[in-house]
Amino acid sequence: MSRRAVILAGGMGTRLRPYTVVLPKPLMPIGDYPILEVIIRQLIAGGFQHITLAVNHQAELIKAFFQDGDKWGVRIDYSLEDEPLGTMGPLRLIKDLPDNFLVMNGDILTDLNYADFHDSHVRDGNIFTISSKTRQHRIDYGVLDTSESGLLTGFREKPTAEYKVSMGVYMVSSGAVEHIPQRGAYGFDQLMLDLLAAGKPATVRDFAGYWLDIGRPDDYALAIEQFESMQSRFLNG
């Protein structure tokens with residue numbers, strides 16, 4: 001099965017400043033590699049033969065590093081935004097997308113099996129598949145449960161709630177792309193709401209493995225530390 005991926009690598013990385021003043025976020029190093037190279041190596045191991053990088057901010061640095069992908073034995077090309085288009089808007093600039101393709105952010109450290117994620121989406125005929133991770137959020141206050149009249153009915157000291165969050169890894173069908181407008185910025189959230197309104201909801205696929213978004217300095221530092229000790233988990237061989 002031929003597999004195609006689009007990596008969103010055009011963001012300005014404002015949450016990761018001052019690091020991203022010099023380098024675009026996808027080129028921030030994790031161990032011996034930029035995070036985007038880790039992702040590309042993982043995709044190649046998963047049988048992806050064609051990768052498109054959707055670029056904008058500091059695009060020339062990313063192009064200079066990855067060029068046409070020959071160094072890694074994969075085809076890499078580029079889609080250049082001349083204005084910010086959000087997470088889903090850049091897809092309308094890419095004219096040769098197959099019926100099903102993977103879309104992901106370029107700043108994710110995970111051991112997700114991209115090939116399995118791709119193939120299960122195709123096999124099940126989903127319009128859009130989201131890879132999700134369960135996250136726990138602790139509330140740092142005592143939570144008061146009250147009746148309508150204002151009487152205390154219960155008390156919870158710093159409770160923890162669980163949420164399913166998007167990992168920033170998606171499988172997209174041509175049917176979903178048809179909902180993306182031809183102009184203006186258009187985000188993941190807008191597409192999800194439009195698919196719900198059309199009666200074509202996305203499929204959510206839970207993932208139990210490792211996932212970390214390196215968008216914040218604390219998370220980036222954690223990624224550096226954990227990649228060093230767990231490199232074989234992310235890059236076999």
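**Exercise 1. Where is Glu-83 placed?** Determine also whether Glu-83 is buried, exposed or partly exposed.

Solution. The structure is a predicted model.
Step 1: Glu-83 belongs to the loop that links strand E5 (75-80) and strand E6 (100-105).
Step 2: The relative accessible area of Glu-83 is 41%. Buried would require a value under 20%, and exposed a value over 50%. Glu-83 is therefore partly exposed.
Step 3: Glu-83 may also be located relative to Glu-157, which is 74 residues apart from Glu-83 along the chain. The C-alpha atoms of these two residues are separated by 47 Å.

**Exercise 2. Describe the nonpolar cores of the model.**

Solution. 
Step 1: The largest nonpolar core contains 44 residues. Leu-43 and Leu-102 have the most contacts inside this core.
Step 2: Among the elements of the chain, helix H1 (residues 35-45) contributes the most to this core, namely 6 residues.
Step 3: The surroundings of Leu-43 can be listed, with residues up to four places away in sequence left out. Leu-43 then touches Ala-5, Ile-7, Phe-48, Ile-51, Leu-102, Met-104 and Tyr-114.
Step 4: A second core is separate and has 21 residues, including Val-6, Leu-91, Ile-94 and Ala-176.

**Exercise 3. Is Ser-131 buried or exposed, and which residues does it contact?**

Solution. 
Step 1: Ser-131 is part of strand E8 (residues 128-138).
Step 2: The relative accessible area of Ser-131 is 1%. The limit for a buried residue is under 20%, so Ser-131 is buried.
Step 3: Neighbours within four places in sequence are set aside, and Ser-131 is then in contact with Leu-112, Phe-117, Val-165, Ser-166, Met-167, Val-169, Arg-205 and Phe-207.

**Exercise 4. Explain how the buried residues of helix H5 are arranged, and state what covers them.**

Solution. 
Step 1: In helix H5 (residues 188-197), the buried residues are Phe-188, Leu-191, Met-192 and Leu-195.
Step 2: Around the axis these residues cover an arc of only 100°, and therefore they lie on the same side of H5.
Step 3: The face turned away from the buried side carries the exposed residues Leu-193 and Ala-197.
Step 4: The cover over the buried residues of H5 includes E8, strand E11 (160-173) and helix H4 (174-177). Strand E8 is also the strand in which Ser-131 is found.
Step 5: After H5 comes Gly-199, with a positive phi near 75°.

**Exercise 5. Which residues make the nonpolar surface patch of about 340 Å²?**

Solution. 
Step 1: The patch is made by Leu-144, Leu-152 and Phe-155.
Step 2: With a relative accessible area of 56%, Leu-152 is exposed.

**Exercise 6. How many salt bridges are found in the whole structure?** Examine three of them, with attention to the accessibility of the partners.

Solution. 
Step 1: The search finds 11 salt bridges. Side chains of opposite charge can pair when their charged atoms come close.
Step 2: Asp-77 pairs with Arg-75, and the closest N and O atoms are 3.6 Å apart. Asp-77 counts as buried at 19% relative accessibility, whereas Arg-75 counts as partly exposed at 48%.
Step 3: Arg-216 pairs with Asp-219, and the closest N and O atoms are 3.1 Å apart. Arg-216 counts as partly exposed at 48% relative accessibility, whereas Asp-219 counts as buried at 16%.
Step 4: Asp-124 pairs with Arg-123, and the closest N and O atoms are 3.9 Å apart. Arg-123 is exposed, with a relative accessible area of 60%.

**Exercise 7. What is the phi of Gln-58, and what is the phi of Gln-67?** Locate both residues.

Solution. 
Step 1: Most residues other than glycine have a negative phi.
Step 2: Gln-58, a residue other than glycine, has a positive phi near 50°. Gln-58 lies in the loop between strand E4 (48-55) and helix H2 (59-66), and at 23% relative accessibility Gln-58 counts as partly exposed.
Step 3: Gln-67, a residue other than glycine, has a positive phi near 50°. Gln-67 is in the loop between H2 and E5, and at 53% relative accessibility Gln-67 counts as exposed.

How values were computed: Residues numbered from 1 in each chain as written. Predicted model: local features only at pLDDT ≥ 70, side-chain atom pairs only at ≥ 80, totals over all residues. Heavy atoms only, no water. Core = buried A, V, L, I, M, F, W, Y, C linked by side-chain atoms within 4.5 Å. Buried < 20%, exposed > 50% of the residue type's maximum accessible area, 1.4 Å probe, protein only. Helix = DSSP H or I, 4+ residues; strand = E, 2+ residues; numbered from the N terminus. Contact = heavy atoms within 4.5 Å. Arc of directions from axis to C-beta. Patch = residues over 30% accessible without salt bridge, like charges linked within 9 Å, V, L, I, M, F, W, Y side chains within 5 Å. Areas by Shrake-Rupley, 256 points an atom, 1.4 Å probe, with all protein chains shown as cover. Salt bridge = Lys/Arg side-chain N within 4 Å of Asp/Glu carboxyl O.
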